[in-house]
Amino acid sequence: MRHLMNPLDFSVEELDSLFDLAEDMMKDPAKYADVCHGKKLATCFYEPSTRTRLSFEAAMMNLGGNVLGFSSADSSSAAKGESVSDTIRVISCYADICAMRHPKEGAPMVAAGKSLIPVINAGDGGHQHPTQTLTDLLTIRSLKGRLGSFTIGLCGDLKFGRTVHSLIEALCRYKDINFIFISPEELRVPDYVTEMLKSRNISFKEVISLEEVMPELDLLYMTRVQRERFFNEEDYIRLKDFYILTKEKMELAKEDMLVLHPLPRVNEISVEIDSDPRAAYFKQANYGVYVRMALIYTLLELGKKEA
Ligand code: CP
């Protein structure tokens, strides 16, 4: 039995196969419409979500399966003090696979250790968000035609942003990636990330000004300053609108640069950008359904049964 805790749990070759499968599912959804008949996905979300939870549920329904779960800690027995370990033992009796989001880093890993069914980390605190990374990689591969040989700017909250941490680790396995980290001093990417890049001779620089580096970028990955990760409301208010991507800033960018964002957005991308052909964030959300379909199919070993 296999879980997904970190994007690195899959080799580059396994990811290629997963993305090929996701693209096939996108091209020919009817072929997969019944492959999960009789199977159930549990979505155990201890933290709010729109995209991750609902795209997992849509993915399971697209495969002909059923879904059950909870969307907040308050509506589960966690509110009565039940541990994640006990919850997953029980969920293992009700479902065939589980997607879990938790505010505590490592909670899905603890669950996986006790689980009798595959567990997918759907975001744990400021740590990892592997299925967002799979979504990001599939989006880049599909829209750019390659994973590698580009300059990517990651902008916003690089300190607490789990999507950023997962994506950097995943992209390090591809060739000729040049990272530009764009953040205020207080939200710089953690030292363990820059140390890892240095030790592997991977090119990166850290800047504060988005405008300064805009012409260099092939991809711009915008992120939200996350109110829920701040200890201090004053700091959040001071930093929340540090970056706002506007039409004027987009004029500095390459004609084929793509703007990605894991969403939700607050103010960091002006809505006037949504109609720019380089805005790829809503397409990215759509890719998320197909990559989660491919992931469920793979972790339930449905391909093996057919072979
Ligand atoms: N991208 C993402 O994780 O969105 P949600 O928080 O809405 O799931």
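Reader: Let's start with V90: buried, partly exposed or exposed?
Author: V90 counts as partly exposed, because its relative accessibility is 34%. Buried means under 20% relative accessible area, exposed over 50%, and partly exposed in between (1.4 Å probe, protein chains only). Keep in mind that this is a predicted model, where local features need pLDDT of at least 70, side-chain atom pairs count only at pLDDT 80 or more, and totals for chains, interfaces and linings use all residues. Residues are numbered from 1 along each chain as its sequence is written, and side-chain values use heavy atoms, with hydrogens and water left out.

Reader: Ok, and where does V90 lie?
Author: In helix α3, residues 84–94. Helices (H or I, at least four residues) and strands (E, at least two) are DSSP runs, numbered from the N terminus.

Reader: Switching topic: how is the chain divided into domains?
Author: Domain 1 is 7–128 + 287–306, and domain 2 is 131–285. Those bounds come from an automatic or database domain assignment.

Reader: How many residues are in contact between domain 1 and domain 2?
Author: 32 residues of domain 1 are in contact with 27 of domain 2, contact meaning heavy atoms within 4.5 Å. The area buried between the two domains is about 2500 Å²; that is the accessible area (1.4 Å probe) that two parts lose on being put together, summed over both. F19, R51 and Y287 supply 30% of what domain 1 buries against domain 2, more than any other three residues.

Reader: How many salt bridges cross that interface?
Author: Four. The rule wants a side-chain nitrogen of Lys or Arg within 4 Å of a carboxyl oxygen of Asp or Glu.

Reader: What about D16, which residue does it form a salt bridge with?
Author: R141, with the closest N and O atoms 3.8 Å apart. D16 lies in helix α1 (residues 12–27) and R141 in helix α5 (residues 130–144), so the pair ties together parts that are 125 residues apart in sequence.

Reader: Is R141 buried or exposed?
Author: R141 counts as buried, at 15% relative accessibility, while D16 is partly exposed at 31%.

Reader: Last one: how far apart are K198 and E195 in helix α7?
Author: Three residues, about one turn of the helix. Their side chains meet in a salt bridge (3.6 Å, N to O).
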